[in-house]
Amino acid sequence: MSNSEIPRVKLDAVLEQVGKSLRQQKYEAALLVLQKLLQAGMAQQFPLLLQRYISELVFECLELAGEDQAALEYCERAIAEYEETRDCASAAVANDLALLRFRRICLLVKLDQHLQARNAVDAFQHTRSLQDKIRYHKLFTRILKYSKATKNQLLREQKQMGSFQLSQQLIVSG
C-alpha cells in the first residue's frame, strides 16, 4: 500500500470519533484527534484536499471551543503558507484562501481587533473580482456590524452563514 492510500475504515472511524466529540461539545477532545490525524496526514502524504478538510475542522473546533487567538494564529499561518507558495492560480486555492481570509476577519472581530478587521476587509475587497465583492459585501457588512456585539452573537451569526458546515455535517452523519 502506498503512502497516499488511506484505509477508509480507519479514516471513517476517526471522523466518527470527532463527530461524537462534537455532538457532546467536547471540542478539546475533537481537537486532539484532529491534531493526530493532521500529523498522520502529513506523514502519509494525504491528498491536499483531505488535509484542508481536516484543517478546516480544526478551525471550526478552535472557534467553537472559544480558542479564538489560537484559531487566528492557525489561520494566519495557513494564509502565509498559501501566499508563500504563490500557487493562487487555481480556482480551488483561490477559494480556499478567500475562505481563510473571511475566517480571519471574523476572528479579528471576536478578538476586538476592529481596525485590523476593517483593514482586512478593505484588502480582501481590493483583491477580489466584482462578483466576489458583491457576494462578500453582505457578509462583511453583517460581520462588521458585530463590532460591538458579544462573541456569542457573532458565533451565532457565523453559524447562520454556514461557517461551521463541516462540523455540523459530522454531527449529523455520525
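Colleague: Does Arg52 count as buried or exposed?

Modeller: Please keep in mind throughout that this is a predicted model. Arg52 is found in helix 3, and its relative accessibility comes to 14%. Because a residue under 20% is classed as buried, the value of 14% means that Arg52 counts as buried.

Colleague: Which residues does Arg52 touch, not counting residues up to four places away in sequence?

Modeller: The contacts are those with heavy atoms within 4.5 Å. One of the partners, Tyr82, belongs to helix 4 and is listed where helix 3 and helix 4 meet. With residues up to four places away in sequence left out, Arg52 touches Phe59, Tyr82, Asp96 and Leu100.

Colleague: How are helix 3 and helix 4 oriented, roughly parallel or roughly antiparallel?

Modeller: Two packed helices are described by the angle between their axes and the distance between the axes. For helix 3 (residues 48-64) and helix 4 (residues 68-85), the axes lie 8 Å apart and the packing angle is about 155°. Since angles over 145 degrees fall in that class, helix 3 is roughly antiparallel to helix 4.

Colleague: What is the handedness of the crossing where helix 3 passes helix 4?

Modeller: The residues that meet there include Ser55, Val58 and Leu62 in helix 3, and Ala71, Tyr74 and Ala78 in helix 4. As for its handedness, the crossing in which helix 3 passes helix 4 is left-handed.

Colleague: What span should helix 6 have, and how far apart are its end C-alpha atoms?

Modeller: Helix 6 covers residues 114-127, which makes 14 residues. At 1.5 Å a residue these should span 20 Å, and the end C-alpha atoms agree with that expectation, being apart by 20 Å.

Colleague: Which residues of helix 6 are buried, and what arc do they cover around the axis?

Modeller: The buried residues of helix 6 are Ala117, Ala120, Val121, Phe124 and Gln125. They lie on the same side of helix 6, because the arc they cover around the axis is only 130°.

Colleague: Which exposed residues does the face of helix 6 turned away from its buried side carry?

Modeller: An α-helix has 3.6 residues a turn, so residues three or four places apart point the same way. On helix 6, the face turned away from the buried side carries the exposed residues Leu115, His126 and Thr127.

Colleague: How far apart in space are His114 and Leu144, C-alpha to C-alpha?

Modeller: His114 has its place in helix 6 and, at 23% relative accessibility, counts as partly exposed. In sequence His114 and Leu144 are 30 residues apart, whereas in space their C-alpha atoms are separated by 8.0 Å.

Key
Residues are numbered from 1 along each chain as its sequence is written. This is a predicted model: local features need pLDDT of at least 70, side-chain atom pairs count only at pLDDT 80 or more; totals for chains, interfaces and linings use all residues. Side-chain values use heavy atoms; hydrogens and water are left out. Helices (H or I, at least four residues) and strands (E, at least two) are DSSP runs, numbered from the N terminus. The expected span of a helix is 1.5 Å times one less than its number of residues. Buried means under 20% relative accessible area, exposed over 50%, partly exposed in between (1.4 Å probe, protein chains only). The arc is that of the directions from the helix axis to the C-beta atoms. Axes are lines fitted to C-alpha atoms, for helices over the stretch in contact, and angles run from 0 to 180 degrees between N-to-C directions. Angles under 35 degrees count as roughly parallel, over 145 as roughly antiparallel, 65 to 115 as roughly perpendicular and the rest as oblique. A crossing is left-handed if the near helix is turned anticlockwise from the far one by less than a right angle, and right-handed if clockwise.
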